[in-house]
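Please read them with the structure open.

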Amino acid sequence: MLFSYTIHALSGFGSLLIAITLGLHLYPADELLPIIVPVDVLLNLYLVIKYRHLIERRLLVRRILPFMSIGLIIGILLFNYLHNNIIKIMYACFILLVSVRELYLLYKKEQDYRKLSRVEEAAWLMLGGLI
């Protein structure tokens with residue numbers, strides 16, 4: 001937990017991904033998530049309140065929240081109906097997918113970057129909400 005929230009303090013995000021990734025080695029998801037998620041929500045609520053003047057509300061409301069909300073609803077349903085081992089495998093696949101994508105972008109030439117299409121953007125946002 002200390003490591004994951006140190007990363008959050010340095011980068012501004014990532015604590016939940018790291019805490020869950022490391023915590024799933026020790027505890028089942030149905031025991032871990034009810035503890036870690038509320039702590040992370042409180043931390044991020046504090047940051048949202050503190051830096052609310054920097055938030056682009058139009059972007060948040062029109063492009064981010066709708067797709068993340070869909071993913072969140074699907075994630076809650078899957079969490080309630082799937083076995084713990086299946087959830088771990090799905091989470092591992094998500095972490096692997098994001099890691100491979102980020103490594104690819106790290107070694108890709110800067111001028112080769114392209115903006116995500118609306119469909120790609122929506123898919124990544126829903127996947128983020130799902131996780």
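**Notes on the model**

1. Start with Glu121. Setting aside neighbours within four places in sequence, Glu121 is in contact with Arg63 and Leu116. The model is a predicted one, so read every value here as computed from it. The side chains of Glu121 and Arg63 are joined by a polar contact of 2.5 Å.

2. Glu121 sits in helix α6. Is Glu121 buried or exposed? Its relative accessible area is 17%. The cut-off for buried is under 20%, so Glu121 counts as buried.

3. Now the overall fold. The protein has six helices and zero strands. From the N terminus, the order of elements is α-α-α-α-α-α. Of contacts between residues at least 6 apart in sequence, 62% join residues at least 24 apart.

4. Next, the surface totals. The protein has 131 residues, and 18% of them are buried. Its accessible surface is about 10000 Å². Carbon and sulfur atoms account for 71% of that surface.

5. Which residues form the largest nonpolar core? There are eight: Ala19, Ile20, Leu24, Ala29, Leu32, Ile36, Ile87 and Tyr91. Helices α2 (15-23), α3 and α5 (84-107) each contribute at least two residues to this core. The top contributor is α3, with three residues. In soluble globular proteins, nonpolar side chains tend to be buried together.

6. Follow Tyr91 to Ile131. Ile131 lies in the segment after α6 (118-130). With neighbours within four places in sequence left out, the contacts of Ile131 are Leu17, Tyr91 and Phe94. Leu17 and Ile131 are 114 residues apart in sequence, yet their C-alpha atoms are 8.9 Å apart in space. Ile131 has a relative accessible area of 36%, so it counts as partly exposed.

7. Last, a nonpolar patch on the surface. Leu42, Leu45 and Ile49 make a patch of about 300 Å². Leu42 belongs to helix α3 (residues 29-50). Why does Leu42 count as exposed? Its relative accessibility is 60%, and the cut-off for exposed is over 50%.

Notes: Residues numbered from 1 in each chain as written. Predicted model: local features only at pLDDT ≥ 70, side-chain atom pairs only at ≥ 80, totals over all residues. Heavy atoms only, no water. Patch = residues over 30% accessible without salt bridge, like charges linked within 9 Å, V, L, I, M, F, W, Y side chains within 5 Å. Areas by Shrake-Rupley, 256 points an atom, 1.4 Å probe, with all protein chains shown as cover. Salt bridge = Lys/Arg side-chain N within 4 Å of Asp/Glu carboxyl O. Helix = DSSP H or I, 4+ residues; strand = E, 2+ residues; numbered from the N terminus. Buried < 20%, exposed > 50% of the residue type's maximum accessible area, 1.4 Å probe, protein only. Core = buried A, V, L, I, M, F, W, Y, C linked by side-chain atoms within 4.5 Å. Contact = heavy atoms within 4.5 Å. Polar contact = N/O pair within 3.5 Å; in protein donor to acceptor, adjacent residues only side chain to side chain.
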